[in-house]
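Biologist: I'd like a close look at one part of this model, taken slowly and in one go. Here it is.

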Amino acid sequence: MSERRPDFDERVGDELEAGERERLLRAHEALLSTTPPPELSRKLARPPAVERRRLVLPSRPALRARPLALAAALAVTAFAIGVGTGGRLSDPGAFMVIPLSGTAGALGASASIEVFDIDTAGNWPMEVSVRNLGPAPAGRLYELWLTRDGELTELCGSFLAEPDGTTTVLMNAPYKLKEADAWVIVEQGSDEVLLTT
Amino acid sequence: MERREPTDGELISRVGNGDRRAFEELYARYARAVLGLALRRLRDRERAEDATQEAFVAVWRSAATYDPGRGAGAPWLYAVARNAITDGLRRSPQPTAELDVDRPGSGPDPVEQAEQEWTAWRVHRAVETLPAHERPVIELAYWRGLSQSEIAGTLDIPLGTVKTRTRSALARLAQALEEDEAG
């Protein structure tokens with residue numbers, strides 16, 4: 001096999017319009033100026049092991065001591081709603097309501113997640129209403145996550161808080177709802193829990 | 001209908017949300033480019049491989065800081081990878097390694113070298129995203145020096161197909177490079 005620099009005209013022919021020819025010529029020259037990338041060894045065949053973001057639980061002893069069992073929370077909540085409303089929710093199609101309360105990182109904040117019947121894609125539409133949670137610094141977003149064993153596992157959605165601290169947004173929880181053990185709200189990119197079930 | 005591939009920026013945003021599948025996809029796109037950059041800087045295969053892993057750990061950790069409004073994903077990744085490689089070099093300098101940014105007056109012009117590295121990064125990344133039937137045509141032509149008839153023989157395809165695929169691949173590469181420039 002021969003070693004040679006590829007000839008542009010030979011490679012692309014002479015049927016190209018001038019503009020297109022110029023574009024391809026730039027790509028051709030960029031290739032000529034570059035040595036081939038190295039092949040990956042077995043060591044690099046897979047990406048490095050990375051940790052999921054571990055949650056920083058708030059400094060409230062009650063929260064530390066109490067396991068955040070979503071299944072139990074759902075059962076209790078659904079029961080309470082059933083008793084309080086005679087089995088009917090205020091919004092047609094609503095399946096359950098999950099309360100969240102602020103941690104030391106967001107004292108006085110609270111939220112409720114109204115989960116509606118599962119949609120045809122198998123996800124759970126929901127309406128998240130947050131109170132007393134002002135905008136995050138530098139215009140950052142807040143995120144609602146499902147968690148398992150103290151790790152953020154499924155992102156349900158992000159939102160910008162209103163200046164008056166009251167925000168209502170529609171989101172969609174993944175179908176893996178039953179695998180989670182809590183819902184939390186964190187600031188985007190942060191592991192500190194601000195609100196939790 | 002052809003499925004639209006997520007952009008680098010979309011993948012980085014997903015990585016910022018802890019999405020490991022997006023991280024793996026980003027790794028598949030950029031692992032060779034990062035290793036190539038590390039090799040040019042460190043000139044030692046083992047250390048370059050370590051630096052490549054460290055660079056991707058840095059990507060995982062800092063992806064949440066990526067702001068799509070401030071630019072495309074490729075330059076952001078390049079900056080994170082380059083910084084991680086340089087940081088590693090500063091931690092454990094070796095006589096074989098080149099820390100050109102800190103050695104003015106020796107070796108190639110740092111500005112010129114930075115441009116070469118950035119061009120190589122973009123080209124490697126662009127080639128990585130070519131369709132599977134076009135990529136070998138480009139690699140064999142430009143990085144193995146094969147003639148078109150040799151490529152046709154190697155890949156067992158007609159000569160006309162080699163020409164068609166070459167033109168198509170160059171057009172895709174041109175578009176990818178233009179998108180990088182547009183930022």
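Which residue of chain A forms a salt bridge with E178(B), and how far apart are the closest N and O atoms?

Modeller: The partner is R26(A), with the closest N and O atoms 3.7 Å apart. Before going on, some ground rules: this is a predicted model, where local features need pLDDT of at least 70 and side-chain atom pairs count only at pLDDT 80 or more, while totals for chains, interfaces and linings use all residues. Residues are numbered from 1 along each chain as its sequence is written, chains are lettered from A and ligands numbered from 1 in the order in which they are written, and side-chain values use heavy atoms, leaving out hydrogens and water.

A salt bridge here is a side-chain nitrogen of Lys or Arg within 4 Å of a carboxyl oxygen of Asp or Glu. The rule finds five of them across the interface of chain B and chain A, and 18 in the whole structure, over all chains.

Now the interface itself. Counting contact as heavy atoms within 4.5 Å, 49 residues of chain B touch 43 residues of chain A. About 4200 Å² is buried between the two chains, 58% of it from carbon and sulfur atoms; that is the accessible area (1.4 Å probe) that the two parts lose on being put together, summed over both. N17(B), R32(B) and Y142(B) supply 15% of what chain B buries against chain A, more than any other three residues.

R32(B) lies in helix α2 and E128(B) in helix α5 (residues 110–128), so the pair ties together parts 96 residues apart in sequence; helices are DSSP runs of H or I, at least four residues, numbered from the N terminus. Both residues are buried, meaning under 20% relative accessible area, with exposed being over 50% and partly exposed in between (1.4 Å probe, protein chains only). Salt bridges that share partners join E39(A), R32(B), E128(B), R135(B) and E139(B) into one network.

Elsewhere on α2 of chain B, R29(B) pairs with E25(B) at 3.7 Å, N to O, four residues away in that helix, or about one helical turn. R29(B) also forms a salt bridge with D8(B), at 2.7 Å. D8(B) sits in helix α1 (residues 8–16) and R29(B) in α2 (residues 20–42), so this pair ties together parts 21 residues apart in sequence. D8(B) is buried at 10% relative accessibility, R29(B) is buried at 10%, and E25(B) is partly exposed at 27%.

Key. Helix = DSSP H or I, 4+ residues; strand = E, 2+ residues; numbered from the N terminus.
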